[in-house]
2 protein chains.
Amino acid sequence: MRKDTQLILAGKGVSTPEMEKVAESERLPLDIVRSEVASGRAVIPANLHHAGLAPIAIGRRFRTKINANIGNSAVSSCPSAEVEKLKTALKYGADTVMDLSTGGNICEIRAAIIAESRVPVGTVPIYEALSLVDDPMDLTAELLLEVVERQARQGVDYMTIHAGLLKEHVPLAKKRKLGIVSRGGAVTAKWMAAHDRQNPFHEEFDALLDICLEHDVTLSLGDGLRPGCLADASDAAQFAELDAIGDLVRRCRAAGVQVMVEGPGHVPLDQVAMNMEREREVCDDAPFYILGPVVADCAPGYDHITSAIGGALGAFHGASMLCYVTPKEHLGLPNAEDVRNGVVAFKIAAHAADVALGRPGARERDDAISDARAAFDWERQMELALDPDRARDLRSEAIAERYDLEKRECNPDDDFCSMCGPKFCSMKISAEIPGPSTMDADE
Amino acid sequence: MRKDTQLILAGKGVSTPEMEKVAESERLPLDIVRSEVASGRAVIPANLHHAGLAPIAIGRRFRTKINANIGNSAVSSCPSAEVEKLKTALKYGADTVMDLSTGGNICEIRAAIIAESRVPVGTVPIYEALSLVDDPMDLTAELLLEVVERQARQGVDYMTIHAGLLKEHVPLAKKRKLGIVSRGGAVTAKWMAAHDRQNPFHEEFDALLDICLEHDVTLSLGDGLRPGCLADASDAAQFAELDAIGDLVRRCRAAGVQVMVEGPGHVPLDQVAMNMEREREVCDDAPFYILGPVVADCAPGYDHITSAIGGALGAFHGASMLCYVTPKEHLGLPNAEDVRNGVVAFKIAAHAADVALGRPGARERDDAISDARAAFDWERQMELALDPDRARDLRSEAIAERYDLEKRECNPDDDFCSMCGPKFCSMKISAEIPGPSTMDADE
């Protein structure tokens with residue numbers, strides 16, 4: 001069994017089986033994978049104890065990854081419901097899942113998710129720690145580390161730790177319209193104020209690194225001060241924390257611990273590129289894992305769309321992983337259908353960025369579905385769709401509505417779509433224009 | 001009654017009532033509105049015969065507009081269904097609507113839409129012309145102009161005319177993966193090949209301008225060669241037509257006819273900005289009215305999202321109006337629910353661009369909803385949502401699912417959302433952190 005982290009092994013010039021699998025799936029030479037991991041520009045979250053993991057790399061040289069958050073709220077206790085969400089997330093293409101459970105039988109839910117998941121599993125350990133105390137102010141560094149260690153032994157591949165949020169940053173966040181919207185960040189800030197002490201994860205960062213090193217847990221440095229609305233974006237609080245995170249990135253790498261950095265949040269469209277560039281500079285190219293970002297505050301019920309816009313642009317300008325946002329964001333916890341809508345919206349965002357960045361093979365699926373369109377091969381179009389079930393359902397609905405209007409029998413094999421009808425199909429007409437379609441008109 | 005076009009009057013230094021209304025709704029000085037119209041950088045589509053029109057301006061200095069396409073297919077004949085779609089489009093904020101009906105009682109449907117619509121109405125006159133001949137090859141320039149004139153007298157505010165697609169461009173399009181996907185473009189191209197003649201709208205462009213001048217119809221120069229897939233984007237065919245359109249823009253302006261330019265289509269994310277810049281250069285800053293663009297071909301069923309991504313970026317980089325795309329794109333004709341989803345997705349895209357461009361008052365709605373979030377004022381949040389019904393429905397669903405899990409009575413007045421539950425709300429915790437929230441921590 002592997003004993004060192006991917007980062008340490010890559011630094012020694014060792015190619016691990018995980019790197020080999022990444023090279024194959026990303027269609028890149030193995031030495032590029034190894035050098036990206038060795039430099040810290042990419043991570044391969046792969047806890048030594050996560051059996052059955054299909055490893056992936058998160059970094060700028062690789063396909064953009066998407067994460068789906070699942071997990072219960074403070075009150076429900078239903079591992080089977082969370083496993084159903086997990087299966088939905090995986091079916092539609094989530095590259096990682098985070099279990100954000102905050103109450104009930106957290107351990108049991110997490111065990112079920114790790115056992116079921118072939119993709120890396122992430123957590124926010126402070127959530128479990130909070131479930132173990134009556135008052136959040138009773139948290140201790142010892143308890144936090146105890147939880148981290150238990151989760152590491154359980155097989156968690158990456159953990160969000162809000163270690164960059166320092167006591168001196170809190171007054172900056174008090175000036176905001178929405179204050180601190182990260183749950184871990186808000187609790188940490190209140191704890192620091194109540195005890196007049198520094199962030200316990202920051203004070204015990206070396207002990208945290210020891211645990212991560214032992215099990216190869218990838219740290220995901222959480223942005224406890226991410227903006228919660230457009231008005232708070234790119235402010236002094238956000239960037240003060242980012243500077244502290246940059247220092248922690250260097251400590252992780254020096255210790256041989258894989259690390260990525262979490263980012264906003266709510267960001268106006270014109271500030272997305274700047275935010276991506278700033279993270280790369282401040283955090284020495286550590287993979288940036290962003291939440292959306294949503295680019296408008298006023299569309300509750302459609303935040304999978306507001307954030308797919310921000311996510312596509314973020315990935316194009318430098319983010320390596322996008323945390324999905326579902327239509328329920330700002331309204332409630334997602335159910336399985338929300339998970340589906342969130343995952344597909346983010347597959348689109350990630351894919352659009354990968355095509356634009358010319359990632360190996362990225363446009364093949366688009367070209368294949370376009371060929372199927374030209375050939376009126378509906379079944380092939382459906383197979384190639386990011387969500388074949390949805391595409392089939394909508395086409396069936398349109399056909400049924402059309403034949404209902406025409407008051408005649410439905411024939412789903414008609415080789416036209418109901419947009420134009422049989423007599424007015426642009427592609428059929430286009431194909432009838434005389435002249436060789438392979439001629440080179442430039443000559 | 002006004003006799004000249006907005007362009008001619010603006011050129012004479014006359015401020016029309018339409019310009020005054022635009023200045024008020026856009027919160028801009030009247031002389032800016034007038035000079036934008038006079039230069040042709042903006043249009044105010046307002047047919048002299050469209051009673052009850054609430055005028056809007058389309059141009060780079062103004063709020064990004066969105067258009068919703070409605071209209072029947074070749075076979076159905078139901079004005080009431082189209083009026084229902086119109087009402088849905090207007091309810092959710094469409095700035096213009098296009099009636100794309102291609103068959104049945106086109107005139108009756110259009111009359112109903114113009115009578116009901118307070119927003120500008122656009123059409124593609126070749127669709128009606130085609131409904132009047134047995135074989136598309138029987139089209140004549142006379143018939144096309146006859147239809148344009150009839151529609152102009154009926155009160156159509158703007159018309160898509162594919163006059164820039166020239167005979168010599170067709171071989172370029174034959175080289176493509178998907179050929180010609182514009183219906184008007186495909187018919188025109190086949191007609192030119194069959195008759196070995198130039199585009200009739202191009203040959204009779206002066207006669208067309210006479211009609212537009214008389215009724216103040218705004219021309220929307222259609223991109224008959226817009227790419228139908230990522231592989232065909234930004235190719236020789238597309239840009240050859242754009243050059244011809246640029247020449248036509250100058251002829252329109254010289255004749256006193258308002259003009260805008262239509263654009264793609266399917267465009268990879270990295271080519272969106274370039275496409276916007278190229279249009280501005282080639283077409284002397286004529287308002288650019290783009291269809292999406294979709295930034296991925298492989299997501300049928302979700303093309304409102306693929307295109308909202310492209311649309312937001314397009315508007316940020318130069319487009320003045322976005323034509324919506326519904327989830328049914330590439331699958332069938334939209335129903336009222338599809339219209340709703342398309343309109344809201346594009347309101348988001350347009351709004352995100354307006355916020356990013358710093359348009360007057362654009363962020364007020366976001367700031368207000370964020371204030372309501374901070375105050376846990378759920379009713380106010382719902383009122384400010386782009387689609388209040390959807391936001392309310394999703395919140396109710398989440399609350400019901402949560403109380404179902406907790407097996408206790410539902411209380412919708414709880415001042416927390418089901419994302420975090422009552423004990424773990426980041427914003428509540430954040431508000432409890434001691435220290436004045438108005439302090440200036442920089443000092």
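Is A:Asp285 buried, exposed or partly exposed, and what is the relative accessible area of A:Asp285? In this predicted model, A:Asp285 turns out to be partly exposed, at a relative accessible area of 31%. The residue sits in the loop between H13 and E9 of chain A. Its backbone is worth a look too: phi of A:Asp285 is near 65°, a positive value, and the residue is not a glycine.

The setting is the loop between helix H11 (205-215) and strand E7 (218-221) of chain A. The relative accessibility of A:Asp216 is 0%, and since anything under 20% is called buried, A:Asp216 counts as buried.

Cis peptide bonds come next. One of them runs from A:Pro264 to A:Gly265, with omega near 5°. A:Gly265 belongs to the loop between strand E8 (259-263) and helix H13 (272-282) of chain A. Another cis bond links A:Gly292 to A:Pro293, and omega is near -5° there. A:Pro293 lies in the loop that leads from strand E9 (288-291) to helix H14 (303-317) of chain A.

Stepping back to chain A as a whole, the count is 19 helices and 10 strands. The radius of gyration of chain A is 24 Å, close to the 22 Å that the globule rule gives for 443 residues, so chain A is as compact as a globular protein of that length. Along the principal axes, the C-alpha atoms of chain A fill a box of roughly 80 × 50 × 40 Å. Of the 443 residues in the chain, 66% count as buried. As for contacts in chain A between residues at least 6 apart in sequence, 72% of them join residues at least 24 apart.

Chain A splits into two parts: domain 1 (46-357) and domain 2 (377-442). Their C-alpha centres lie 42 Å apart. Where the two domains touch, domain 1 of chain A puts in 8 residues and domain 2 of chain A puts in 4 residues.

The largest pocket has a volume of about 820 Å³. It is lined by 34 residues, and the closest to its centre are A:Ser25, A:Arg63, A:Asp95, A:Lys347 and A:Arg365. Several helices of chain A take part, each with at least two lining residues: H2 (17-26), H4 (79-91), H15 (336-356), H16 (364-374) and H18 (388-406). H15(A) gives the most to this lining, with 4 residues. Sorted by residue type, the lining of the largest pocket holds 15 nonpolar, 5 polar and 14 charged residues.

The second largest pocket takes the story to chain B. About 660 Å³ of space lies in this pocket. Of its 28 lining residues, the closest to the centre are B:Arg63, B:Asp95, B:Lys347, B:Asp354 and B:Arg365. Helix H2 (17-26), helix H15 (336-356) and helix H16 (364-374) of chain B are the elements that give two or more residues to the lining. Which element gives the most to the lining of the second largest pocket? That is H15(B), with 4 residues. By type, the lining of the second largest pocket divides into 11 nonpolar, 5 polar and 12 charged residues.

One last stop in chain B is B:Lys12, in the loop between helix H1 (6-11) and H2 of that chain. Exposed means over 50% relative accessible area, and B:Lys12 is exposed at 58%. In sequence, B:Lys12 and B:Glu262 are 250 residues apart, while in space they are 27 Å apart, C-alpha to C-alpha.

Notes. Residues are numbered from 1 along each chain as its sequence is written. Chains are lettered from A and ligands numbered from 1 in the order in which they are written. This is a predicted model: local features need pLDDT of at least 70, side-chain atom pairs count only at pLDDT 80 or more; totals for chains, interfaces and linings use all residues. Side-chain values use heavy atoms; hydrogens and water are left out. On a 1 Å grid over the protein atoms alone, a cavity is a set of points where a 1.4 Å probe fits but cannot get out, and a pocket is an open set with protein on both sides within 12 Å along at least five of seven lines; lining residues have an atom within 4 Å of a point. Grid points are joined across faces, edges and corners, and a volume is the space filled by probe spheres set on the points. Ala, Val, Leu, Ile, Met, Phe, Trp, Tyr, Cys and Pro count as nonpolar, Asp, Glu, Lys and Arg as charged, and the others, Gly among them, as polar. The radius of gyration is taken over C-alpha atoms; the globule rule is 2.2 Å times the number of residues to the power 0.38. Buried means under 20% relative accessible area, exposed over 50%, partly exposed in between (1.4 Å probe, protein chains only). Contact means heavy atoms within 4.5 Å. Domain bounds come from an automatic or database domain assignment.
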